[in-house]
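Trainee: I am new to this structure. Please take me through it one question at a time.

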Amino acid sequence: MLLSDSYKNSHSKQYPKGTEYVYSYLESRGGKFDEIVFFGLQYFIKEYLEGVVITQEKINNARKIINAHMGPGHFNEKGWAHILDEHGGVLPVVIRAVPEGTVVGTSNVLMTVQNTDPNCWWLTNFLETLLLQVWYPITVATTSRECKKLIKNSLRLTGDFKNQAELDASLDFKLVDFGCRGVSSMESAALGGAAHALSFKSSDTMPAIQLLQEYYNCTEMPIYSIPASEHSTITSWGKDSELTAFENMLDTYPTGPVACVSDSFDISEATDILWPALKEKILARDGVLIIRPDSGDIKMTLQVVLSNLWKHFGGHLSPEGYKILDPHIRVIQGDGMNYESLKETLSYIQTIGFSTENVAFGMGGALLQKVDRDTQKFAFKCSAICIDGEWQGVYKAPTELDENGDKHASFKRSKQGFLSLVPSDNGFTTISNPTDIEVPSNALRTAFADGVAVRRRDSYEFKDVKQRAQVV
């Protein structure tokens, strides 16, 4: 009752007299990318909607808060009491959605919501505020997948792989989620980190693991991390003992991958003098040393680092002639990375003659925090209403004024009628019907009905969700 926008409390009195059912839908109206990965609904259903969610104690508390917040008379106590008395406190609403992990072009229906009790016409759009927050995991999943496309294309061009399976195994660990500390809450970290896990196996966002285990029946470890240094563990040795700090990392972790931040004082000196001084120990390890620069111009820094490492450690050329370092040493670039800088950096690495095999990338705030609802222009709108037993389409079609005062149609025009998502040559397309007729090819499936999460295994289990989201 309190997980909504304040003004929603006043809406039960604003619908036409005789309103019985309200039918609304979710879509991405466009945005940064042309397609999205639908993900996260299962979490919101299980965490906030399933089971008994309305009690007398909650009604009393909400009445007190809303009366003080908005003034007496705005709290819809009669409506909430009806849900408690007639439905035992479970929500009389049905939610249909495309299976999670499905890749859908923008401007298509992703989810529909409708009340199932004619006395609760107001409930459908009261839930908008909560349900629309699915924009966040969708947008993170989409961003991560788009980054994967960039990296995969670059690996195909510059790498040296015996087969597709080898390339895919490398790709799985090419973008690390470093965003846990940069988000607004641990819930955001869990949702965003889980969304990233649909495309990559490399992440330092541990809250994602528990979310996937609890809400997506993930029985295997979905993401992995490695031992790595931070500046405090290197600078605590002092500037004159940086080499000793580096050697301590190699001695402490004699096998397996290990990452070491190397820009505490001078990244050029670290890669041209200090690490080469430990060459014998590095090449003798059963594992890879990953050097991490963390400041400076991305392109220039990577050029210096890669050139120094090639000079001292060597390697071989890919079939297309790109330099691939000795397998005992690699680089991770995490500072300043976002979708745009990743695209530019991949191109630059190729330009200076190095393979993408040499470099992994870390992304923090740009992955989990520097996104918003308008990144993909998400909207939740009513498209049909039943008044006195008669259904009719509902839509908005704003006429906007531009900077010259000229009128034009807005991209915010909404759909009307009952919506179905059906396969098409380009993936999916949305069709509208004036009545709720069964469309056999409709990809929307019931995800929640009258207090119960409808958990079709292939719709929500992590392994199936991830499979649908894969880049081919």
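Mentor: Two strands pair if DSSP finds at least two bridges between them. Helices (H or I, at least four residues) and strands (E, at least two) are DSSP runs, numbered from the N terminus. The model is predicted, so local features need pLDDT of at least 70 and side-chain atom pairs count only at pLDDT 80 or more, while totals for chains, interfaces and linings use all residues. Residues are numbered from 1 along each chain as its sequence is written, and side-chain values use heavy atoms, with hydrogens and water left out.

Trainee: In the open sheet of five strands, which are the edge strands?

Mentor: The order of this sheet is β6-β12-β11-β8-β7, with parallel pairing. An edge strand here pairs on one side only, and that applies to β6 (175-177) and β7 (258-261).

Trainee: Which residue in β11 is the bridge partner of Ile-290?

Mentor: Strands β8 (residues 289-292) and β11 (residues 329-333) are parallel partners over three bridges. Within this pair, Ile-291 stands opposite Val-331. For Ile-290, the bridge partner in β11 is Arg-330.

Trainee: Which residues of β8 point the other way from Leu-289 and Ile-291?

Mentor: In a regular strand the side chains alternate between the two faces of the sheet. In β8, both sets of residues are buried, meaning under 20% relative accessible area, with exposed over 50% and partly exposed in between (1.4 Å probe, protein chains only). Leu-289 and Ile-291 point one way, and the other way point Ile-290 and Arg-292.

Trainee: In the open sheet of seven strands, why is one side of β14 and of β20 left without a neighbour?

Mentor: The strands follow the order β14-β13-β1-β5-β3-β19-β20, with antiparallel pairing. β14 (390-393) and β20 (452-453) stand at the edges, so one side of each has no neighbour in the sheet, and each has a single partner strand.

Trainee: Which residue in β13 is the bridge partner of Glu-27?

Mentor: Strand β1 (residues 19-28) pairs with strand β13 (residues 378-387) in the antiparallel sense over nine bridges. In β13, the bridge partner of Glu-27 is Ala-379.

Trainee: Within what arc do the buried residues of α2 fall?

Mentor: The buried residues of α2 are Ile-59, Ala-62 and Ile-66. They line one face of the helix, because the view down its axis places them within a limited arc. The arc is that of the directions from the helix axis to the C-beta atoms, and for α2 the buried residues fall within 65°.

Trainee: Which exposed residues does the opposite face of α2 carry?

Mentor: The cover over the buried residues of α2 includes α3 (77-87). The face turned away from the buried side carries the exposed residues Glu-57, Lys-64 and Ala-68.

Trainee: Is Glu-35 buried, exposed or partly exposed?

Mentor: Glu-35 is found in strand β2 (residues 35-37). Its contacts, not counting residues up to four places away in sequence, include Val-103, Thr-142 and Glu-146. At 23% relative accessibility, Glu-35 counts as partly exposed.

Trainee: At what distance do the side chains of Glu-35 and Arg-145 make a polar contact?

Mentor: A polar contact is a pair of N or O atoms within 3.5 Å; within protein, one must be able to donate a hydrogen and the other to accept it, and residues adjacent in sequence count only if both atoms are side-chain atoms. The side chain of Glu-35 has such a contact with that of Lys-149, at 2.9 Å. With the side chain of Arg-145, the polar contact of Glu-35 is at 2.9 Å.

Trainee: With which side chain does that of Thr-356 make a polar contact?

Mentor: Thr-356 lies in the loop between α15 (339-351) and β12 (359-363). Its relative accessibility is 0%, so Thr-356 counts as buried. The polar contact, at 2.3 Å, is with the side chain of Ser-154.

Technical notes
Contact means heavy atoms within 4.5 Å.
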